Each structure stands twice: as C-alpha cells, then as structure tokens.
Amino acid sequence: MNPYLLATLLFGLGLGTTITFTSSHWLLAWMGLEINTLAIIPLMVQHHHPRAVEATTKYFLVQATAAAMLLFASMTNAWLTGQWDIQQMSHPLPITMITLALALKTGLAPVHAWLPEVLQGLDLTTGLLLSTWQKLAPFALLLQIQPTNSTLLILLGLSSTLVGGWGGLNQTQLRKILAYSSIAHLGWMILILQFSPSLTLLTLLMYFMMTSSTFLTFKLNNSTNINTLATSWAKAPVITTLAPLILLSLGGLPPLTGFVPKWLILQELTKQDLAPTATLVALTALLGLYFYLRLSYAMTLTMSPNNLAGTTPWRLRPSQFTMPIALSTMTTLSLLPLTPAMIALLTQ
C-alpha cells in the first residue's frame, strides 16, 4: 500500500478513536465510531483476496448495524429525557439498547458470530488492529455510561467466557483461536465493569499486551494454522521457546502476567457476593487453557513431517522490526511481581 495512503488511514483510525474518547455528546461519539470503521475498511481489503473482501463486507455490515442501533438508542434517550449527554443516561431502555449495540461492535457473545469469520479472512497485522485498537472506542463509551443493568452485563460476561472457551476447542486456524480468545477476555472485562472500572481498564491493557505479542510471534513465523507451528523450531528457536509462555499467559497461569487480571477479577466478584459467578467464570477459563496448551504442545513437542530429517532450514536475519515483539513479550511474561503496585493504584 502507498505509504501516504497508509499514513492517512492510520491517522483516521487515531482520529476516530480520539473523537469518541473526548466527546460528551452522543452524535460526536457516533461520528468517531464511524470514522474509525471507515478508516480500517481499506486496511482490511488491501490484499484484494476474496476472503479479505468477504471479511470486510461482513465487518462493514455488522458495524453499520451496531452504529444504526447506537444512533437510534441515543435519539430515543434524547426523546425520553431531553438531553444528549453521554454521562447523563438515566432511562433503562436506551441504556440497554446502547449496551447491546456496543456488545455487537466489540464482539461479545451472543452477538459474537461475526468476529471469528472476519478475523480469519484478514492478515495478521490487520487482525492485530481489529483485536486491539478497535476495542478502545466502544469500551470508552461503556465506561462512560456505566450500565446499570447488572443482570445484562453478568449474562453477557458469562456467555462470552463460555463461548470463547468452548468455541476455540475444535479450531485449527490460529486467527479463529485468537478470535475466541478475544471473546473470552472481553467477557472477563464486562463482568467486572460495573464494580471496578479501573480493573476493567487494567485487564484491557494487559489483554492488549498479550494479544500483541501473540500476533507478532505468529507473524514472525508466518504461521496461520496449528500444523505450521511445528516448523517454527528450526526457524526461530528463541521465539518458539517463548511462545508457549505467551500462550499460557493468555490462559492466565501464574507466574505470568495474565494471572494478574483474572485473580483480581475473581477477588472483586467474591467481594461483591457473586461467588457462584466467580466459580462459573473460573471454570470457563479452563476451556481456554486447554486450547492454549494444545498450541503449546504443537509448537514444542511435535515435529513436522520432513523427508530430509537431517537438514536444517536457513536461519536468515528477520526482515521485520523486532522491537515491538521484544517489548510486548517482556511485559506479557514478567509483570506479576508488580501486582501490589497495581492493587495500590486500583484502590486509590
């Protein structure tokens, strides 16, 4: 892609998200979401592959539906209450409609079916953008409206963690597995949103770091399915050694970074007298842990079929910029000792 066009599109992505961040009026927030959607569509379809075109079409239709629902809900709120301020939502009907519209935008279950199919049709770089940056603006709106329907949020969170764990069990495509991982992590964030917004933000940032390192690792190895993971040992032994740790951090195993948000969320749910919910969401995390272990097994304990078992592939210097993967991998694996500082920040 032309670098000037790429810079313009990335600027549009940043502009749309910034407008949504800084707006207090529903029309401006809706406008930021639309700029965001229109800026990422050329990035999704840049390779002109039929699967990319299909994924982009699906994404556009879903985002247009969610945006129309959001605009209709904000107009209903203005009709019922006489004001457009985001933080002054008081009527339960528009709050519920807006929560469902933002759930559709981010890919929460039960309105999640588009996310694995769309992510499967994209390259890994655009998939990384879709899994991380595109979640920021809807979450900013969710944090501002502070939905009061706790039952709806708990149902969305539990169904997302269950679908995210259950849906990834039988997958062989890495992008679909990461899509179901995204759905499960979003469920954890939605569960705790009404009780501790700062903990939701912490979980979102850690999910961004872990997902970025996972996508960048697969991009460095040019891996798109489980079978190609087995060939990565001869090409990049250091990355292949670290990749299972990254995946287990996504699964939430100590002593890795991914354990911190899950631990704090379960602790907060127990404090809110929601021990059954905490038990259910902890059990659904085991489903996700299974397919992370499956990927780790494929990378480290299996070898790909090779007619010339004695030859070693050429290890050329990587042509990609490796600083992002180094930083994201370090944070993904080593932030657990900072947990007391994070707890202190959350309680201020």
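This is a predicted model: local features need pLDDT of at least 70, side-chain atom pairs count only at pLDDT 80 or more; totals for chains, interfaces and linings use all residues.

Reader: Start with α8 and α15. At what angle do they cross?

Author: Helix α8 covers residues 150-167 and helix α15 covers residues 275-300. Their axes cross at roughly 25° and come within 7 Å. Angles under 35 degrees count as roughly parallel, and α8 and α15 are therefore roughly parallel to each other. The crossing of α8 past α15 is left-handed.

Reader: Which residues make that contact?

Author: On the α8 side they are I154, L158, T161, L162, G164, G165 and W166. On the α15 side they are T277, L280, V281, T284, L287, G288 and F291.

Reader: How many of those are nonpolar, polar or charged?

Author: The contact of α8 with α15 has eight nonpolar and six polar residues, and no charged ones.

Reader: Staying with α8, which of its residues are buried?

Author: The buried ones are L152, L153, I154, L156, G157, L158, S160, T161, G164, G165 and G167.

Reader: And what do the buried residues of α8 pack against?

Author: They pack against α15, and also against α4 (92-106) and α9 (174-193).

Reader: What length does α8 reach?

Author: From first C-alpha to last, α8 reaches 25 Å over its 18 residues. That is close to the 26 Å expected at 1.5 Å a residue.

Reader: Same check on α9. What should it span?

Author: The 20 residues of α9 should span 28 Å at 1.5 Å a residue, and the end C-alpha atoms are 29 Å apart, which agrees.

Reader: How many α9 residues are buried?

Author: 20 of the 20 residues are buried, so α9 is largely enclosed by the rest of the structure.

Reader: Next pair. How do α2 and α7 sit, parallel or antiparallel?

Author: The axes of α2 (residues 26-44) and α7 (residues 136-145) cross at roughly 160° and come within 10 Å. Angles over 145 degrees count as roughly antiparallel, and α2 and α7 are therefore roughly antiparallel to each other. Their crossing is left-handed.

Reader: Which residues touch there?

Author: From α2 the contact uses W26, A29, L33 and N36, and from α7 it uses A137, P138, L141 and I145. By class, the contact of α2 with α7 divides into seven nonpolar residues, one polar and no charged.

Reader: Now α6 and α10. What is the angle?

Author: α6 (residues 124-131) and α10 (residues 197-221) pack at about 170°, and their axes are 10 Å apart. That makes α6 roughly antiparallel to α10.

Reader: Who is in that contact?

Author: α6 supplies L124, T125, G127, L128 and S131. α10 supplies Y207, F208, T211, S212, F215, L216, F218 and K219. The contact of α6 with α10 has seven nonpolar residues, five polar and one charged.

Reader: Change of topic: peptide bonds. Which ones are cis?

Author: One joins A109 and P110, with omega about 5°. P110 lies in the loop between α4 and α5 (114-120). Another runs from P254 to P255, with omega near 5°. P255 is in the loop between α13 (237-251) and α14 (259-271).

Reader: What is phi at N222?

Author: Phi of N222 is near 55°, a positive value in a residue other than glycine. N222 is in the loop between α10 and α11 (226-229).

Reader: Buried or exposed?

Author: N222 has 62% relative accessibility, so it counts as exposed.

Reader: And D273, what is its phi?

Author: Near 60°, again positive in a residue other than glycine. D273 sits in the loop between α14 and α15. At 69% relative accessibility, D273 counts as exposed.

Reader: Last one, S232. Where is it?

Author: S232 is in helix α12 (residues 232-235). Its relative accessibility is 1%, so S232 counts as buried.

Reader: What is S232 in contact with?

Author: Leaving aside neighbours within four places in sequence, S232 is in contact with N221, P237, T240 and M299.

Reader: How far is S232 from M210?

Author: Their C-alpha atoms are separated by 20 Å, and the two residues are 22 residues apart along the chain.

Methods
Residues are numbered from 1 along each chain as its sequence is written. Side-chain values use heavy atoms; hydrogens and water are left out. Axes are lines fitted to C-alpha atoms, for helices over the stretch in contact, and angles run from 0 to 180 degrees between N-to-C directions. Helices (H or I, at least four residues) and strands (E, at least two) are DSSP runs, numbered from the N terminus. Angles under 35 degrees count as roughly parallel, over 145 as roughly antiparallel, 65 to 115 as roughly perpendicular and the rest as oblique. A crossing is left-handed if the near helix is turned anticlockwise from the far one by less than a right angle, and right-handed if clockwise. Contact means heavy atoms within 4.5 Å. Ala, Val, Leu, Ile, Met, Phe, Trp, Tyr, Cys and Pro count as nonpolar, Asp, Glu, Lys and Arg as charged, and the others, Gly among them, as polar. The expected span of a helix is 1.5 Å times one less than its number of residues. Buried means under 20% relative accessible area, exposed over 50%, partly exposed in between (1.4 Å probe, protein chains only).
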